[in-house]
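I opened this notebook to record what I looked up in a structure that was new to me. The entries follow the order in which I consulted the model.

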Amino acid sequence: MSIPLPDLEERTGIHQVIAGKARLSKQQALDIFHNAPLFTLGKWATQVANRIHGEKIRTYVIDRNINYTNVCSATCTFCAFKRKAGDHDAYTLDAEQIHQKIDQLLAIGGTQILLQGGMNPQLPLPYYTQLLSSIQTKYPQVHIHAFSPPEFVEFVAVLDIPGFPTTAAGKSHTLPEEIWLKKLDHILKTFKEAGLNSIPGGGAEMFAQHVRKRIGQGKATTEQWLTVMSQAHKIGLSTSATMMFGHLESIEDRIDHMLLFRDAQDTALQQHYPGKYHAFIAWPYQPENTPLGKLPQYDPESDEPFPGENLDHPLNGKMLRLAGATDYLRTQALSRLLLDNIHSIGSSWVTMGPHIGQTALAFGASDMGSVMMEENVVSSAGTTYALNEQLICHLIRDAGFIPAQRDNDYNILQTHDTDRAPDLQVKDWSTMRIKALHHQTDAPSSCHESQEAVEPTALTIEGQ
Ligand code: SF4
């Protein structure tokens with residue numbers, strides 16, 4: 001970071017980017033990542049967030065992450081959540097169990113569910129359609145944000161639908177491309193008709209092929225992942241974009257990943273698709289309890305460059321570079337500068353902790369995500385934090401903003417600018433100290449881990 005700042009500003013045209021009059025190229029993004037002082041990068045990202053969202057309000061949502069099954073046909077090396085059918089702790093929730101969870105969500109003012117599972121090849125089409133329509137009928141006010149692209153790819157493989165072939169689990173790529181696309185389109189439309197409102201961005205992880213083949217065996221390829229979302233946009237389903245970083249990838253891989261989203265969003269906007277990406281959320285990989293976590297870790301103090309930066313290095317793909325707080329903040333700030341066509345950048349307090357999550361609001365994030373009602377995926381990999389509505393509002397206000405509850409489409413439902421705000425009702429914060437809400441679990445993390453929403457069973461607030 002020894003390059004004079006004016007030189008960096010000039011060659012990246014950053015002030016034009018901040019003003020929304022130019023775009024960063026890949027090389028400029030790399031230059032900024034490596035050479036911008038951390039707080040300058042945060043200031044630039046904040047200026048973009050202020051241009052898009054104004055300077056006063058930062059948002060959160062109340063939803064519930066419901067992992068309907070942990071049975072999965074894939075073998076992701078970063079996952080501690082999946083089980084094989086027949087394992088003693090394998091489960092699949094039925095509609096009644098899911099309805100009970102929604103009742104609990106409504107009791108705390110929630111507005112949406114994030115429904116994701118492993119890729120369970122044994123569940124038939126009616127499981128999904130009846131579940132969706134039962135939720136839509138019983139809870140018409142609840143937004144159903146459900147089934148990530150890898151699940152849809154598996155649906156194409158295994159769901160028995162008249163007029164379409166099936167394949168073995170994980171083998172949808174063996175279908176002719178035209179049939180694959182038609183079956184996907186049919187499933188998306190059927191699910192939408194049954195009640196699906198939008199699609200979460202789980203399972204993107206890292207698009208770079210040399211990384212993806214090492215971390216996500218048996219699940220959606222990059223092209224399949226992006227195709228599911230593009231087809232969803234065409235029929236009016238909006239989606240979110242995600243990235244899990246801080247493992248095998250280079251910084252260039254992260255930037256390429258984000259640029260694929262920027263390109264896909266350009267297409268959605270230029271073609272006037274009725275759906276698009278609403279948000280981008282990136283979070284660092286959590287290594288505990290995962291096979292990938294057994295790899296040796298790169299020492300950032302080392303004089304040696306990280307092998308993941310060099311495809312020809314013998315240790316490329318065999319050594320982890322975990323992301324700490326500053327790497328996380330730098331990456332998130334860069335995402336705000338790069339993704340000029342995506343409305344919201346979400347903070348990842350679930351993995352980074354409430355205070356870094358709060359700090360992320362000064363690095364381009366405009367949204368604190370969800371209160372934590374339930375989270376089974378990241379917690380499986382060791383680290384989760386839980387926040388209730390009072391605390392999430394407190395963190396936003398303490399960072400200098402007015403907290404506002406939003407819906408899935410980022411419409412503001414309530415702005416907490418009066419003394420009736422949830423955080424301003426708390427008389428005794430000693431019963432709600434954040435440290436009492438930290439969880440270090442021995443439980444199993446997954447693809448379908450999402451920082452978009454987080455469950456009341458995990459909400460263990462002292463005194464409540
Ligand atoms: S990350 Fe998701 S797709 Fe991969 S093994 Fe785990 S549950 Fe399955």
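**Entry 1. Overview.** I noted at the outset that the model is predicted. I counted 15 helices and 15 strands in the protein. Of the 464 residues, 52% are buried.

**Entry 2. Helix α10.** I looked up α10, which covers residues 222-234 and has 13 residues. From first C-alpha to last, α10 reaches 19 Å, close to the 18 Å expected at 1.5 Å a residue. I then asked which residues of α10 are buried. They are Gln-224, Trp-225, Leu-226, Thr-227, Val-228, Met-229, Gln-231, Ala-232 and His-233. The elements that cover these buried residues include α7 (149-158), α8 (177-194), β6 (198-199), β8 (238-245) and α11 (251-270). After α10 comes Gly-236, and I recorded its positive phi, near 90°.

**Entry 3. Helix α7.** I found 10 of its 10 residues buried. Among them are Pro-149, Pro-150, Phe-152, Val-156 and Val-158. Glu-151 and Glu-154 are also on the list of buried residues. The cover over α7 includes α8 and α10.

**Entry 4. Leu-184.** Is Leu-184 buried or exposed? Leu-184 is buried, because 23 other C-beta atoms lie within 10 Å. Leaving aside neighbours within four places in sequence, I found Leu-184 in contact with Phe-152, Val-156, Val-228 and Gln-231. Phe-152 and Val-156 belong to α7, while Val-228 and Gln-231 belong to α10. Leu-184 and Gln-231 are 47 residues apart along the chain, yet their C-alpha atoms are separated by 8.1 Å.

**Entry 5. Helices α4 and α12.** I looked up how α4 (residues 38-53) packs with α12 (residues 325-338). The angle is about 35°, and the axes are 9 Å apart. The crossing is left-handed. On the α4 side I listed Leu-38, Leu-41, Gly-42, Trp-44, Ala-45, Val-48 and Ala-49. On the α12 side I listed Thr-326, Leu-329, Arg-330, Ala-333, Arg-336 and Leu-337. The residues of this contact divide into 9 nonpolar, 2 polar and 2 charged.

**Entry 6. Helices α3 and α11.** I then examined α3 (residues 26-35) against α11; their axes come within 10 Å and cross at roughly 130°. I therefore recorded α3 as oblique to α11. The crossing is right-handed. Lys-26, Ala-29, Leu-30 and Phe-33 of α3 make the contact with Ile-251, Glu-252, Ile-255 and Leu-259 of α11. I noted 6 nonpolar, no polar and 2 charged residues in the contact of α3 with α11.

Entry 7. Most residues other than glycine have a negative phi. I looked up two residues with a positive value. Phe-147 has a phi near 65° and sits in the loop between β5 (143-146) and α7. Phe-147 counts as buried because it has 26 C-beta neighbours inside 10 Å. Tyr-410 has a positive phi of about 65° although it is not a glycine. I located Tyr-410 in the loop between β13 (402-406) and β14 (412-415). Tyr-410 is partly exposed, with 16 other C-beta atoms within 10 Å.

Conventions. Residues are numbered from 1 along each chain as its sequence is written. This is a predicted model: local features need pLDDT of at least 70, side-chain atom pairs count only at pLDDT 80 or more; totals for chains, interfaces and linings use all residues. Axes are lines fitted to C-alpha atoms, for helices over the stretch in contact, and angles run from 0 to 180 degrees between N-to-C directions. Helices (H or I, at least four residues) and strands (E, at least two) are DSSP runs, numbered from the N terminus. A crossing is left-handed if the near helix is turned anticlockwise from the far one by less than a right angle, and right-handed if clockwise. Two residues are in contact if their C-beta atoms, placed from the backbone, lie within 7 Å. Ala, Val, Leu, Ile, Met, Phe, Trp, Tyr, Cys and Pro count as nonpolar, Asp, Glu, Lys and Arg as charged, and the others, Gly among them, as polar. The expected span of a helix is 1.5 Å times one less than its number of residues. A residue is buried if 20 or more other C-beta atoms lie within 10 Å of its own, exposed if 12 or fewer, and partly exposed in between; C-beta atoms are placed from the backbone. Angles under 35 degrees count as roughly parallel, over 145 as roughly antiparallel, 65 to 115 as roughly perpendicular and the rest as oblique.
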